[in-house]
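This report describes a protein chain through selected residues, its domains and its charged pairs. The sequence and structure are shown first.

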Amino acid sequence: MAIDRYEHHDYYGVDELLTEEHLLIRDSVRAWVKKSVSPIIEEYAQRSEFPRHLVKELGEIGAFGPHIPTKYGGGGLDDISYGIIMQEIERCDSGIRSTASVQGSLVMYPIYLFGSEAQKMKYLPKLGSGEYLGCFGLTEPDHGSDPGGMKTNFTDAGDHVVLNGAKMWISNSPYSDIAVVWAKDEAGIIQGLIVEKGMEGFSAPEIHNKWSLRASVTGELVFDNVKVPKENLLPGVKGLKGPLSCLNSARYGIAWGAVGVALDCYDTALRYAKERMQFGKPIGSFQLQQKKLAEMITEITKAQLLVWRLGVLKSAGKASPAQISMAKRNNVQMALTVAREARQILGGMGITGEYSIMRHMMNLESVVTYEGTHDIHLLITGLDVTGLNAFG
Ligand code: TGC
Ligand code: FAD
């Protein structure tokens, strides 16, 4: 994308629900995205390369752990600020938002919530500044939607534990300095461990040939008798609720991020519809194209209100995991629909890298799957409203 012409759209005056600080944060992240990410993102995605130099810059603009206290290297901001930052970054590319939300919500957050004071002081400031990159290992080759069935395990060996197993589809893993890994102890209870790059028997090979999130690096985590010091076990939680409570934070960020993608697709399609002439008129004057644009801004507006309200609930400590699931599921599906419609408005140009839409559309095929698939989130809502568990 040569020039980022994005302009904000706020059909219902949702900005009036935000504070001055929220708007300032949004403007500064947007300015950084336009200066540092928009000019390069298409080329990195086309080459399927992670723009690694952005990690330090993401740290500098406060995109890593904005909702974590400053004492631990976070931004000390509220949940709506966190959402706005994810929205602005994902407006440009879901893969860059992935880098930021994994680092903040899935690496820093579990250490902040469940780590010892020594672990927090050792890792969080470096993660917050971007000196370290981290990843989160929950999914396995045979256990995706059903992480409770994981096979990765560790045994007690005195002052350390011995870790064996493999994780699959792990964002950031090949370049990570540390991995927060979820594994079963000898009693079959899930616990979190911090595994450091360079530990003998630990490797993180890259997964190649992705058609989606091409500017985000994804890999495996392989543990072959890795000796992990006991001081690297997260002392504050046992059981599947540990990783799942971190997912609440990441899913919340994705619900905001998806609004960013949809806004970008709408913005591009609206401008194109007003400029592109066919049959002697702008294509935006045809009713069929107006229907697409009108439906897009209607759905975007509903999604903006959904995340704003969710942010208010979350800041008050009242957002339930099921409410977060609803927003993740609705907003990502909404963004996918908007991206597909927007692509059609651009005709043949819509499939090229001249515009961001096709890249967004392909990225969203991962976003609709990771952090709990579209189906799984529907079943979480189903369980919440009926009290009947479809998972068995
Ligand atoms: P279930 O028996 O329901 O629950 C086990 C324990 O966990 C508690 N719990 C939660 N706690 C906090 N937050 C949540 N959202 C929670 N959901 C459940 C639950 O209360 C229970 O606690 P306790 O004390 O009774 O033990 O578990 P289940 O095995 O039936 O599975 C339920 C299910 C399917 C909803 C869950 O496992 C699930 O969400 N599956 C989807 C897996 C998933 O989202 N994986 C994401 C991997 S990470 C990722 O994709 C990163 S992408 C990163 C990027 O690039 O942005
Ligand atoms: P499966 O669980 O095999 O599901 C396949 C299909 O079956 C889906 O449509 C699903 O909805 C459906 N299904 C499954 N169970 C049910 C059911 N009970 N009822 C109805 N339908 C069902 N994981 C991490 O731990 N860390 C990461 O950083 C990470 N990053 C990722 C990055 C990318 C690019 C991708 C693609 C994935 C990433 N993941 C990560 C993994 C992601 O969370 C999983 O892909 C996701 O949870 C789904 O698991 P699966 O792919 O094994 O699909």
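In which strand does Ser-171 lie? The model, which is predicted, places Ser-171 in strand E3, a run covering residues 160-171. Ser-171 has a relative accessibility of 13% and therefore counts as buried, the cut-off being under 20%. Leaving aside residues up to four places away in sequence, Ser-171 touches Val-102, Cys-135, Val-217 and Thr-218.

## Domain organisation

The domain assignment divides the chain into domain 1 (14-129), domain 2 (134-232) and domain 3 (241-386). Taken over C-alpha atoms, the centres of domain 1 and domain 3 are separated by 20 Å. To their contact, domain 1 gives 29 residues and domain 3 gives 32 residues.

## The interface of domain 1 and domain 3

The size of an interface is often expressed as the accessible area that is lost when the parts come together. For domain 1 and domain 3 the buried area is about 2,400 Å², with 61% of it given by carbon and sulfur atoms. Asp-79, Gln-87 and Arg-91 supply 22% of the area that domain 1 buries against domain 3, which is more than any other three residues.

Four salt bridges are found across the interface of domain 1 and domain 3, and 13 residue pairs are in polar contact there, both residues being at pLDDT 80 or more. On the side of domain 1 that touches domain 3, the elements giving two or more residues are helix H1 (20-47), H3 and helix H4 (94-114). H3 provides the largest share of that side, with 10 residues. By class, this side of domain 1 comprises 14 nonpolar, eight polar and seven charged residues.

Arg-91 belongs to helix H3, which covers residues 79-92. Is Arg-91 buried or exposed? With 2% relative accessibility, Arg-91 counts as buried. Beyond residues up to four places away in sequence, the residues that Arg-91 touches include Tyr-6, Val-33, Lys-34, Ser-38 and His-360.

The structure holds 18 salt bridges. In one of them, the side chains of Arg-91 and Asp-4 meet at 2.8 Å, N to O. Because Arg-91 lies in helix H3 and Asp-4 in the segment before H1, this pair ties together parts that are 87 residues apart in sequence. Both Arg-91 and Asp-4 are buried.

Asp-264 also forms a salt bridge with Arg-91, in which the closest N and O atoms are 3.0 Å apart. This pair links distant parts of the chain, with Asp-264 in helix H6 (residues 241-275) and Arg-91 in helix H3, 173 residues apart. Both Asp-264 and Arg-91 are buried.

## A pair within helix H6

Arg-271 and Asp-267 form a salt bridge whose closest N and O atoms are 2.9 Å apart. The two residues are four residues apart in helix H6, so about one helical turn separates Arg-271 from Asp-267. Arg-271 counts as buried at 16% relative accessibility, and Asp-267 is buried with a relative accessible area of 4%.

## The loop at Gly-62

Gly-62 has its place in the loop between helix H2 (54-60) and H3. Its relative accessibility is 26%, so Gly-62 counts as partly exposed. The C-alpha atoms of Gly-62 and Gly-74 are separated by 7.4 Å, and these residues are 12 residues apart along the chain.

Note on methods. Residues are numbered from 1 along each chain as its sequence is written. Chains are lettered from A and ligands numbered from 1 in the order in which they are written. This is a predicted model: local features need pLDDT of at least 70, side-chain atom pairs count only at pLDDT 80 or more; totals for chains, interfaces and linings use all residues. Side-chain values use heavy atoms; hydrogens and water are left out. Buried means under 20% relative accessible area, exposed over 50%, partly exposed in between (1.4 Å probe, protein chains only). Contact means heavy atoms within 4.5 Å. Domain bounds come from an automatic or database domain assignment. Buried area is the accessible area (1.4 Å probe) that two parts lose on being put together, summed over both. A polar contact is a pair of N or O atoms within 3.5 Å; within protein, one must be able to donate a hydrogen and the other to accept it, and residues adjacent in sequence count only if both atoms are side-chain atoms. Ala, Val, Leu, Ile, Met, Phe, Trp, Tyr, Cys and Pro count as nonpolar, Asp, Glu, Lys and Arg as charged, and the others, Gly among them, as polar.
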